[in-house]
Amino acid sequence: MNRSHRPPTGRAPTFLAIYLNDHLAAANGGVELLRRAAAAQRGGTLGTSLESLAEQVAADRESLRTLMADLDVPVMRARAALGRLAEKVGRLKLNGRVLSRSPLSDVLELEAMRLGVEGKAASWRSLRSLARTDPRIDTALIEELLRRAEQQIRTLEALRSACASQLFAQEDRGRAATPHAADVVRRRGRHGLHGLHGPSGA
């Protein structure tokens, strides 16, 4: 029997068990978010990058399950499901659109993804520290997972920065090309005055 699926013993979960299950829940939400964002961008460069990241994060999640099994930490299924629920609730966030996907969603989601990977990297560092006193932890695996998380952070930051710059620059150009309403009113007022006083004052 897989140790990660052993039936509960009746004992209260340890802090380590709660901690790792919380990170497993976050990983579930992260995989869901990455896959949904990749599907929304399918066919483009951003979509390809997100698909690759989704595969990596899914693999990292399986590595976490392996580490939990090695530490005899059971998976708390109700807790693990919270990550998927949180990701679905996160879709209701305000992004400037009600019924359709907003361009701002790309920026917000990339920021959420980066924060998620930052948290994952912190969990690998915690396990690396624990490995000093617990020989059950595969330190080589932890180092590889940490290197991969740091690379994922760099990739997500590059994608986030590019999306934010492009979106806000486009919006700024749009504002510059569209006269402010007050300016339009003033110009129309001037034209109206010229029309009134021109012929009759001649």
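User: Why are α1 and α2 called roughly antiparallel to each other?

Analyst: In this predicted model, the axes of α1 and α2 cross at roughly 160°. Angles over 145 degrees count as roughly antiparallel, and α1 and α2 are therefore described in that way. Their axes come within 9 Å, and α1 passes α2 in a left-handed crossing.

User: What makes the pair α1 and α4 roughly antiparallel?

Analyst: The axes of α1 and α4 cross at roughly 150°. That value is set against the 145-degree cut-off, and α1 and α4 are therefore roughly antiparallel to each other. Their axes come within 10 Å, and the crossing of α1 past α4 is left-handed. Among the residues that meet are Leu 16, Tyr 19 and Leu 33 in α1, and Ala 112, Met 113 and Leu 127 in α4. The contact of α1 with α4 comprises eleven nonpolar, four polar and two charged residues.

User: How do you know whether α2 and α4 are roughly parallel or roughly antiparallel?

Analyst: Helix α2, residues 45–70, and helix α4, residues 103–130, have axes that cross at roughly 30°. Angles under 35 degrees count as roughly parallel, so α2 is roughly parallel to α4. The two axes come within 13 Å. The crossing in which α2 passes α4 is left-handed. On the α2 side the contact is made by Leu 50, Val 57, Asp 60, Leu 64 and Leu 67, and on the α4 side by Leu 110, Met 113, Lys 120, Trp 124 and Leu 127. These residues divide into eight nonpolar, no polar and two charged.

User: Which residues touch the most other members of the largest nonpolar core?

Analyst: Leu 50, Met 113, Trp 124 and Leu 127 do, in a core of 40 residues. Helices α1 (15–40), α2, α4 and α5 (139–177) each supply at least two residues of this core. The most come from α5, which gives ten residues. In soluble globular proteins, nonpolar side chains tend to be buried together.

User: Which residues does Trp 124 touch, not counting residues up to four places away in sequence?

Analyst: Trp 124 touches Asp 60, Leu 64, Leu 67, Ile 142, Leu 145, Leu 146 and Ala 149. Trp 124 itself is one of the α4 residues that make the contact with α2.

User: Why is Pro 13 called partly exposed?

Analyst: Its relative accessible area is 45%. Buried requires under 20% and exposed requires over 50%, so Pro 13 falls in between and is partly exposed. Pro 13 is found in the segment before α1. Leaving aside neighbours within four places in sequence, Pro 13 is in contact with Ile 18 and Met 76. The C-alpha atoms of Pro 13 and Val 73 are separated by 8.7 Å, although these residues are 60 residues apart along the chain.

User: Why is Gln 151 placed in the partly exposed class?

Analyst: Gln 151 has a relative accessible area of 39%. This value lies between the cut-offs of 20% and 50%, and Gln 151 is therefore partly exposed. Gln 151 has its place in helix α5. Between Gln 151 and Val 117, 34 residues apart in sequence, the C-alpha to C-alpha distance is 9.9 Å.

User: What is the phi of Asp 72?

Analyst: Phi of Asp 72 is near 60°, a positive value in a residue other than glycine. Asp 72 lies in the loop between α2 and α3, the latter spanning 77–90.

User: How many helices and strands does the protein chain have?

Analyst: The protein chain has six helices and zero strands. From the N terminus on, its elements run α-α-α-α-α-α. Of the 202 residues in the protein chain, 32% are buried. Among contacts between residues at least 6 apart in sequence, 78% join residues at least 24 apart.

Conventions:
Residues numbered from 1 in each chain as written. Predicted model: local features only at pLDDT ≥ 70, side-chain atom pairs only at ≥ 80, totals over all residues. Heavy atoms only, no water. Axes fitted to C-alpha atoms, helices over the stretch in contact; angles between N-to-C directions. Helix = DSSP H or I, 4+ residues; strand = E, 2+ residues; numbered from the N terminus. Parallel < 35°, antiparallel > 145°, perpendicular 65-115°, else oblique. Left-handed = near helix turned anticlockwise from the far one by under 90°. Contact = heavy atoms within 4.5 Å. Nonpolar A, V, L, I, M, F, W, Y, C, P; charged D, E, K, R; others polar. Core = buried A, V, L, I, M, F, W, Y, C linked by side-chain atoms within 4.5 Å. Buried < 20%, exposed > 50% of the residue type's maximum accessible area, 1.4 Å probe, protein only.
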